[in-house]
Amino acid sequence: MIQKELGRETKEDLRNYFENRDYMVIAVPRREPARVYVVKATSAVETARRVHGLSPGATVALGRALVGALLLTSLVKHATDQKVLLKIEGDGPIGTIVAEADGKGRVRGFVENPQVETFTKRVNGKKKFDVSKIVGNSGTLTVVKELRMGTPYTSVVPLVSGEIAQDLAYYFSQSEQIPSAVGIGVLVNEDGSVRHAGGFLVQTLGGISEKVVDLLEHRVTELPPVTELMEEGKRPEDIASMILDGLEPQLVGLKEVEYYCPCDEEVAKSSLLLLTESELNELFEEGPAEVVCKFCGRVYRFTKEDIHRR
Ligand SMILES: [Zn+2]
């Protein structure tokens, strides 16, 4: 946690350290109850693209969900392994999208159809990906909060747009009762690799003045797309400062973000232990069984003996 009033030296060291890394900042206005989260997740989304062999359309859709899951970590304790899972089940060709992130900034995810066709649309004469066509605009958005204190909390809201950012804003205001604005962007290069991925979340809390709410609403509406700001070289803290300009922004938190999957042999084996004896026999008929991790593609091989030696 970086406390306010950073010395100049520390600030520059941090800027250099984070130059080519993914990270998230949390900023607040000095005198008003509001919070701004801004995340850069370019490398994390690029890793997801490579791990899953995603088409450009799938890269943008899963990328937005990964950024969304990172923004959802505003609901868990900073720097802990409490986690949030975001599941989007729309009626579009990509099928189910799953993204999970924890308080330490670790994120992972997958989609049902990684090779989904890339639909585009024209917006103000520019060709853009039609994410709502890929995701679908009817279906559900589920958020599961695992706070490591017993049963996870699950809430489901209907999809309102299929563009993911708007759907998350709807989730925050409906299920969490926190008025929120969300912006998420993923831009891919000609060769399909990720050029920029990032997003912001602005939340206003109880007791905030009407004037500041109006100001923040105006700021968010006027803000250029996140990927455009990133293209200009703006970093998360710069974007947070733009949103909170004139409100004495304070940087109160910072965490590194990475694509990380904690799966291991034990987790993989436990999925086989759910099968019945006859299902297991059938599985091992042709030799060792393979369990592939949905999040990272790692392959685990087990023989019949491995399973019976529980
Ligand atoms: Zn894995």
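Modeller: A polar contact is a pair of N or O atoms within 3.5 Å; within protein, one must be able to donate a hydrogen and the other to accept it, and residues adjacent in sequence count only if both atoms are side-chain atoms. The model here is predicted, with local features needing pLDDT of at least 70 and side-chain atom pairs 80 or more, while totals for chains, interfaces and linings use all residues. Residues are numbered from 1 along each chain as its sequence is written, and side-chain values use heavy atoms, without hydrogens or water.

Colleague: What makes the link between the side chains of Glu46 and Arg49 a polar contact?

Modeller: The distance is 2.9 Å. That is within the limit, so the pair qualifies.

Colleague: Where does Glu46 lie, and why is Glu46 called buried?

Modeller: Helix H2, residues 42-52, holds Glu46. Helices (H or I, at least four residues) and strands (E, at least two) are DSSP runs, numbered from the N terminus. Buried means under 20% relative accessible area, exposed over 50%, and partly exposed in between (1.4 Å probe, protein chains only). Glu46 has 11%, so Glu46 is buried.

Colleague: Which class does Asp102 fall into, buried or exposed?

Modeller: Asp102 sits in strand E4, residues 96-102. The relative accessibility of Asp102 is 7%, so the label is buried. The side chain of Asp102 places a polar atom 2.9 Å from the backbone nitrogen of Lys104. A polar contact of 2.8 Å also joins the side chains of Asp102 and Arg106.

Colleague: How do you know that Arg106 and Asp102 form a salt bridge?

Modeller: A salt bridge is a side-chain nitrogen of Lys or Arg within 4 Å of a carboxyl oxygen of Asp or Glu. The closest N and O atoms of Arg106 and Asp102 are 2.8 Å apart. That is within the limit, so the pair counts. Side chains of opposite charge can pair when their charged atoms come close. Arg106 is partly exposed at 24%, whereas Asp102 is buried.

Colleague: How many salt bridges does a search of the whole structure find?

Modeller: The search finds 18.

Colleague: What makes Arg148 and Asp81 a salt bridge, and which parts of the chain does the pair link?

Modeller: The N to O distance is 3.7 Å. That lies within the salt-bridge limit, so the term applies.

Colleague: Why are Arg148 and Asp81 called partly exposed?

Modeller: Arg148 has 47% relative accessibility, so Arg148 falls in the in-between class. Asp81 has 35%, so the label is again partly exposed.

Colleague: Which residue forms a salt bridge with Arg148 at 3.2 Å?

Modeller: Glu146 does, by the closest N and O atoms. Glu146 is partly exposed, with a relative accessible area of 27%.

Colleague: What makes Glu279, Glu282, Glu285 and Glu286 a patch?

Modeller: Patches take residues with over 30% relative accessible area and no salt bridge; like charges are joined within 9 Å, and nonpolar side chains (Val, Leu, Ile, Met, Phe, Trp, Tyr) within 5 Å. Asp and Glu count as negative, so these four gather in a patch of negative charge on the surface. Glu282 lies in helix H10, residues 277-284. At 57%, Glu282 is exposed.

Colleague: Where is Glu190, and why is Glu190 called exposed?

Modeller: Glu190 is in the loop between strand E10 (180-188) and strand E11 (194-204). A relative accessibility of 85% passes the exposed limit, so the label holds. Glu190 and Pro56 are 134 residues apart in sequence, yet 9.3 Å apart in space, C-alpha to C-alpha.

Colleague: What phi do Ala79 and Asn124 have?

Modeller: Ala79 has a positive phi of about 65°, and Asn124 has a positive phi of about 50°. Neither Ala79 nor Asn124 is a glycine. Most residues other than glycine have a negative phi. Ala79 lies in the loop between H3 and E3 and is partly exposed at 49%. Asn124 lies in the loop between strand E6 (120-123) and strand E7 (126-129). At 77%, Asn124 counts as exposed.

Key. Accessible areas come from the Shrake-Rupley method with a 1.4 Å probe; for residues, only the protein chains shown count as cover. The place of a charge is taken as NZ of Lys, CZ of Arg, CG of Asp or CD of Glu.
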